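Let's take a friendly walk through this model together. Please have the sequence and the 3D view open as you read.

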Amino acid sequence: MYNRFYLNFVTFITKFYSNVSIQHIHKVKISQFKIPMQVHVRNYCKENPSKVICEHYNKLNEEELKTLLEDPKYKAIYDRYNLELEYIKYNTGKVPKTLTSTNWLHLLKSSTKGQRRSYIEFLWKIEMKQKNRLEKKLLQNEKEKEVKTDDRYGIGNSLFFRIRDKTMNEFYNSKLISAMLHEPIIVYDLGYDEYMEPFERENCAKQLLLSFSTNRIHEEPFNLYFCNVNNNSSIMQKLHKLIPQIYEPHFPLNITSKSYLEIFDKKQLVYLTPNAKTVLKKFDPNLIYIIGGIVDKKNSKPYSFQKANKEGIKMMKLPLSETLEWGTGSSKNLPINQVLSVMLELKRTKDWNTALNVIPKRKLKQNRDEEQRKRETMLLNYT
């Protein structure tokens with residue numbers, strides 16, 4: 001009880017001083033998203049907080065869908081899409097067994113047949129992935145039942161204490177609290193929701209989760225800000241389901257609906273965009289780097305470049321072409337969590353070669369050449 005009270009108190013004081021005293025220009029009011037329920041993450045919690053939050057959002061979406069279907073226009077579209085789903089199921093079979101109210105809202109708001117079919121296939125792939133994961137888990141449980149052991153930790157008799165998840169969470173959160181006071185700032189701009197397809201928003205939420213996790217466990221984490229946040233957007237709803245505590249007062253993350261221009265000095269801001277002409281040569285802790293929170297797999301357009309140019313913010317790009325040899329056909333657009341990983345390593349090591357090691361080797365020329373040689377060798381062996 002004492003530890004929990006102390007952690008909440010320290011987090012509050014840290015947020016207050018990081019926004020007022022030490023960084024006097026950061027007059028941020030942390031926006032709190034309130035839902036008609038109280039979700040406390042405690043050891044004695046009777047229900048899973050994620051489950052409670054998911055049920056809440058599902059209920060809201062069901063009410064929205066019910067209201068929408070009262071309109072004869074949308075009811076006719078709903079019936080037509082049902083027939084279209086039956087046709088796809090008959091031809092390919094790549095249709096999920098059940099569609100939630102959230103899925104139907106995405107379908108009703110989609111403008112083209114291609115968007116609907118790609119979304120349906122995306123949902124089917126997720127369903128198949130979950131089914132395969134469940135089958136593997138059941139198979140693993142059966143194998144574990146066969147091996148009977150009284151060893152609690154699976155490592156035999158041990159002299160070491162068990163480190164519980166609660167202890168690890170408090171340790172990592174304390175690092176983030178310290179980072180909010182003393183470390184440089186990285187901003188995620190979440191103002192691109194309207195430019196993404198449903199599956200891209202889903203991926204964006206997962207990449208934001210990975211970004212927070214990567215920063216949390218790093219030796220020298222950044223002070224993270226999520227700016228231009230719309231609490232009702234599908235990205236934030238998905239992120240809230242993944243991190244139930246994200247809107248709790250003690251959660252070590254700065255979330256605000258304000259723009260970074262309202263919070264920070266414009267001269268300090270640097271927007272990281274692949275379309276910039278200036279190359280980032282070294283990490284400057286006095287600057288505030290902005291990462292565009294957008295996933296554009298389908299229509300890759302320079303949205304972040306246009307936005308930064310319109311707002312008159314300095315732009316830079318990572319030296320990807322200058323430092324690495326890319327394989328033929330490899331995309332040089334990194335996911336937003338990998339951009340943060342590169343910046344974390346650059347801050348720690350001050351070396352671009354080490355920082356860019358986080359990029360998957362499959363994209364590089366050397367790895368692609370090796371894969372090509374292996375294929376050629378296999379073909380020669382068969383012939």
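## Before you start

This is a predicted model, in which local features need pLDDT of at least 70, side-chain atom pairs count only at pLDDT 80 or more, and totals for chains, interfaces and linings use all residues. Residues are numbered from 1 along each chain as its sequence is written, and side-chain values use heavy atoms, with hydrogens and water left out.

## The chain as a whole

The chain holds 14 helices and six strands. Both kinds of element are DSSP runs numbered from the N terminus: helices are H or I runs of at least four residues, and strands are E runs of at least two. Of the 383 residues, 41% count as buried. Here buried means under 20% relative accessible area, exposed means over 50%, and partly exposed is in between, using a 1.4 Å probe and protein chains only.

## Helices H2 and H8

Two packed helices are described by the angle between their axes and the distance between the axes. For helix H2 (residues 49-69) and helix H8 (residues 234-242), the axes come within 8 Å and cross at roughly 150°. That makes H2 roughly antiparallel to H8. The axes are lines fitted to C-alpha atoms, for helices over the stretch in contact, with angles from 0 to 180 degrees between N-to-C directions. Angles under 35 degrees count as roughly parallel, over 145 as roughly antiparallel, 65 to 115 as roughly perpendicular, and the rest as oblique.

Which residues make the contact? From H2 they are Ser-50, Ile-53, Cys-54, Tyr-57 and Asn-58, and from H8 they are Gln-237, His-240 and Lys-241. By type, the contact residues divide into three nonpolar, four polar and one charged. In this scheme Ala, Val, Leu, Ile, Met, Phe, Trp, Tyr, Cys and Pro are nonpolar, Asp, Glu, Lys and Arg are charged, and the others, Gly among them, are polar.

## Cysteines

A disulfide is a covalent bond between the sulfur atoms of two cysteines. Searching the whole structure for cysteine sulfur pairs within 2.5 Å turns up zero disulfides. Cys-54 is partly exposed, with a relative accessible area of 25%, whereas Cys-204 is buried at 0%.

Helix H12 (residues 336-349) has 14 residues and reaches 20 Å from its first C-alpha to its last, close to the expected 20 Å. That expected span is 1.5 Å times one less than the number of residues. Twelve of the 14 residues in H12 are buried, including Ile-336, Val-339, Leu-340, Met-343 and Leu-346.

What do the buried residues of H12 pack against? Their partners are strands E1 (185-189), E2 (223-227), E4 (269-272) and E5 (288-292), along with helices H7 (198-217) and H13 (352-355). Just after H12 comes Lys-350, with a positive phi of about 60°. Lys-350 sits in the loop between H12 and H13 and is exposed, at 58% relative accessibility.

Asn-228 likewise has a positive phi, about 55°, although it is not a glycine. Asn-228 is in the loop between E2 and H8. Is Asn-228 buried or exposed? Asn-228 is buried, with a relative accessible area of 18%.

## Pairs brought together by the fold

Met-315 lies in strand E6 (residues 314-316) and is buried at 16% relative accessibility. Met-315 and Tyr-271 are 44 residues apart in sequence, yet 4.7 Å apart in space, C-alpha to C-alpha. Leaving aside neighbours within four places in sequence, Met-315 contacts residues including Tyr-271, Thr-273, Phe-305 and Asn-309.

Gln-268, in the loop between helix H9 (260-263) and E4, is partly exposed at 25% relative accessibility. Its C-alpha is 4.8 Å from that of Leu-287, 19 residues away in sequence.

Asn-173 belongs to helix H6 (residues 165-182) and is buried at 15% relative accessibility. Not counting residues up to four places away in sequence, Asn-173 touches Arg-216 and Pro-252.

Methods:
Contact = heavy atoms within 4.5 Å.
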